[in-house]
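Please consider the sequence and coordinates before reading the answers.

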Amino acid sequence: MSTLSVVLAAAAVGLAGGSGGGSGGFHGLVRASSSAALASASGSTAHATSFGPTVYTGIYQGESPPVASLPILPVNPGPLHARGIESLQPGGSAGGQDPVVQHRKGTGPLSAPIQNFDGICLPFGPPCAQQSSCSCLPPDTDGEVGGSQYVQMVNTDLAVYSKTGSVLRTATPINELWANTNGECKAHNDGDPVVVYDQVARRWLLSQFIATPTGDEQYGECIAVSTSSDATGSYYLYEFLFGPDVFFDYPKIGVWPDGYYMMANEFPSSSVTSSGTGVFAFERSKMLQGRTARVVFFDESAHNPPGGQYIGMLPGDLEGARAPAAGAPNWFAEVDDPTGVPPTDPNDNGFDLRLWAFHVDWSNPANSTFGNNGAPSSTLPVALFVRPQCVYGYGDCAPQAGGAQQLDVLGDRLMFRLPYRNFGSYASILLNHSVKANGRIGVRWYEVRIPSGGSPSIYQQGTYAPDDTATNPLWRWMGSIAEDRNGDIALGYSASGPNDFPSVRYTGRAAGDALGQMTQTEQVAYTGTGPQTEVEGRWGDYSDLTVDPSDDCTFWYTQEYLATDTVLLGTWRTRIVSFKFPGCGH
């Protein structure tokens, strides 16, 4: 079957609900329709089927050469292909009118872009400087700001920039870091990359998954930890293998003092639907020293709720200079509606934010815990919403000027990241996901606060979907959210409409402003110059908003846009932009 046929078949199954993958007739998350997702392999490590913890030992593969010294390889674009994506469930029909929609744009003095420059690009249109080697859609754009540098990763490359946009390391295939090793991370450049900056240790972490094992290879995760704060320097290299039976897709990583934490969606090789979520804690202290490291794993699919799955969650990612209390667990979160997790309590309408406390004990990993034996540590009711679902350009999608094909929304999951910030008397956790609003798509966001010694509660929530002119409506989606040291919250996202090419935008609210409202002006960082006409409509699959550790005030955002398309397929580019609230730092 052709790639497109497989893709459209998977999209149809996903939008219709599919079958299997859970109890009570729950349709499950439809597996990505690429060869990566459909691969089946045999290997030496069996995947644990019982609730954890299961402990794996990673393979330490030595220290890489400095990134600055890696060879610069020519990019030879191959046939353009759309990478597979999952479909969690049909778009929600319950929920009615969103009660927390923000109808008016803010007017506060959030800055225009301070830095604003191009990142890595797909070389199928006009010439571009930093070319991706993947010949694929979408880019999976993410990036992180460090003390003096900015690192961007896309499928399947990385690049390093100064904070003024100078290129310190040109786009480089991620697996080049492993070029001098012997293992799967050398052989595979499969993507779904994540970069995080460990502000406590002043180190970089770069990762991508192993999604296409063959022969006796296994699924796994490739992780590189820098040996210094210089992203162009050398890295300690790790290969974590998880067996041949379960593909761990869409991995997302967060930094915590006692570990690097990760979640991934589980796809058994014998099934076309998901089984649930896998959660991981990697042994940070050893990885910072270039020593053999363990990973503690919980198979959350063993504790799925009746008729549904816990899936689409994110791990907490520490932000700011103040660490959580010693020994405090990291937090994982997801937001559910009744179509995903049917309520069993008559007092629960099914719209809930769920939190799991992940405590890892490296002296005795068997004592590690995830939630209440797999069940959530906290379940917090949220305002009603209608979940959009669009994959491969079909469903509740985002329209665009100049292209009949609409764009993926991925309303079935939280959007990267889940920033955690400790303010002393309380900690703040931010989340966002896409929802239907006013006949369009908007960004639902939340702030959860955890008082010192207390329990989590929702402090504020809102849906950013301001009224636009009737002749020029906009859809806003694929968000990323973060918070500066003052408690000012910023939100970056894609925006497009029938008369607008996709653009990169951001807004925010200053600490102390009206709750549930993005009170700052909506800034346009960059507007694309063309549409995506590739039939599968792939977009995202994520973006990334982070805060500069050097002042703990300046936000840095990276997101996809589109250039003029010379091959009528979808020539993605990426943009990197910085901005700040005028009151921060004073």
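**Strand pairing, burial and contacts**

Q: Which residue in β8 is the bridge partner of glutamate 144?
A: Strands β7 and β8, the latter spanning residues 149–154, pair in the antiparallel sense over four bridges; pairing requires at least two DSSP bridges between two strands. Within β8, the bridge partner of glutamate 144 is valine 151.

Q: What kind of model is this?
A: Residues are numbered from 1 along each chain as its sequence is written, and side-chain values use heavy atoms, with hydrogens and water left out. Local features need pLDDT of at least 70, side-chain atom pairs count only at pLDDT 80 or more, and totals for chains, interfaces and linings use all residues: this is a predicted model.

Q: What is the average twist from one strand to the next in the open sheet formed by four strands?
A: The four strands are arranged in the order β7-β8-β9-β10, with antiparallel pairing. Its edge strands are β7 (142–145) and β10 (167–173), each pairing on one side only. From one strand to the next, the twist (axes fitted to C-alpha atoms, angles running from 0 to 180 degrees between N-to-C directions) averages 10 degrees.

Q: How many helices and strands does the chain have?
A: Helices are DSSP runs of H or I with at least four residues, and strands are runs of E with at least two, numbered from the N terminus. On that basis, the secondary structure of the chain comes to four helices and 37 strands.

Q: What percentage of the residues of the chain count as buried?
A: Buried denotes under 20% relative accessible area, exposed over 50%, and partly exposed in between, with a 1.4 Å probe and protein chains only. Of the 586 residues of the chain, the buried share is 65%.

Q: Is serine 543 buried or exposed, and with which side chain does its own side chain make a polar contact?
A: Serine 543 occupies the loop between β34 (523–527) and β35 (544–547). It counts as buried because its relative accessible area is 0%. A polar atom of its side chain lies 3.2 Å from the backbone oxygen of methionine 478. A polar contact (N or O atoms within 3.5 Å, within protein one able to donate a hydrogen and the other to accept it, sequence-adjacent residues counting only if both atoms are side-chain atoms) of 2.9 Å joins the side chain of serine 543 to that of tyrosine 557.

Q: Which side chain is joined to that of aspartate 408 by a polar contact of 2.7 Å?
A: Aspartate 408 lies in the loop between β26 (394–395) and β27 (419–422), and it counts as buried because its relative accessibility is 0%. Beyond its neighbours within four places in sequence, its contacts (heavy atoms within 4.5 Å) include Trp477, Glu536 and Trp539. The 2.7 Å polar contact is made with the side chain of arginine 538.

Q: What distance separates the C-alpha atoms of glycine 254 and alanine 281?
A: Glycine 254 belongs to strand β15 (residues 246–256) and is buried, since its relative accessibility is 0%. Leaving out residues up to four places away in sequence, it touches Gly259, Tyr260, Tyr261, Pro315, Gly316 and Asp317. Alanine 281 is 27 residues away along the chain, and the C-alpha separation is 9.6 Å.

Q: What is the relative accessible area of proline 123?
A: Proline 123 is in the loop between β5 (116–118) and β6 (136–137). Among its contacts outside four places in sequence are Val75, Pro77 and Cys128. Proline 123 is classed as buried because its relative accessible area is 17%.
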